[in-house]
Amino acid sequence: MASLSLTSITPQPTGFSLKNNNSYSNPTKFIPKKRHVLVTLATASPQTSSSITSEKPEIELEFVGPNPGSDGSYPVDKAKEISGEKLLRNIMSDNKIELYAAYGKVMNCGGGGSCGTCIVEILDGKDLLNERTNTEIRYLKKKPESWRLACQTIVGNKENSGKVVVQRLPQWKK
């Protein structure tokens, strides 16, 4: 634990008057007034911070591709994130997992929730995500409940852990 002592100076002007030639007859004098402030800084030991980091719940994610491969199975990308810290869109972007169809690559809003091009379908783990936002309700009102906007979907709530399975580009699914 460390402590730091600070001293501040508060200016106290004395009387002054303006002469006819726009110069001051008495320059302003500053009388310092000392105030002591005690600040205590505490830091966690490296052992404590590493144990806290390992205790954070994690969400496992699986991203299923929209089209089957040559063997008939759908490609699956995997990622793992700390619960409640990221949007689904950012997780996909960070892990270089394709989110947009051709039109969405060019015309997406960058995660602002104003275009509706980042649609995904939650196949499993819906309870590990936040509720639909007003933006999602507006853009997805005629779509299935399992469809979400990746830019509006928070993965986890900082307390839960589990597995979420996401279908990429559900509108293109064969």
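Which residue of strand 7 is the bridge partner of Val-120? In this predicted model, local features require pLDDT of at least 70 and side-chain atom pairs count only at pLDDT 80 or more, whereas totals for chains, interfaces and linings use all residues. Residues are numbered from 1 along each chain as its sequence is written, and side-chain values use heavy atoms, with hydrogens and water left out.

The bridge partner of Val-120 in strand 7 is Arg-168. Strand 5 (residues 119-124) is joined to strand 6 (residues 147-149) in an antiparallel arrangement by 3 bridges, and Ile-119 has Leu-149 of strand 6 as its bridge partner. With strand 7 (residues 162-168), strand 5 pairs in the antiparallel sense over 4 bridges. Pairing requires at least two bridges found by DSSP between two strands; strands (E, at least two residues) and helices (H or I, at least four) are DSSP runs numbered from the N terminus.

Arg-148 belongs to strand 6 and is buried because its relative accessibility is 3% (buried, under 20% relative accessible area; exposed, over 50%; partly exposed in between; 1.4 Å probe, protein chains only). A polar atom of the Arg-148 side chain lies 3.4 Å from the backbone oxygen of Glu-131. Beyond four places away in sequence, Arg-148 touches residues including Ile-119, Val-120 and Ile-122 (contact, heavy atoms within 4.5 Å).

Most residues other than glycine have a negative phi. Lys-96, in the loop between helix 2 (88-94) and helix 3 (102-107), has a positive phi near 55° and is exposed, at 74% relative accessibility. Leu-169, in the segment after strand 7, has a positive phi near 45° but is buried, with a relative accessible area of 8%.

Note on methods:
A polar contact is a pair of N or O atoms within 3.5 Å; within protein, one must be able to donate a hydrogen and the other to accept it, and residues adjacent in sequence count only if both atoms are side-chain atoms.
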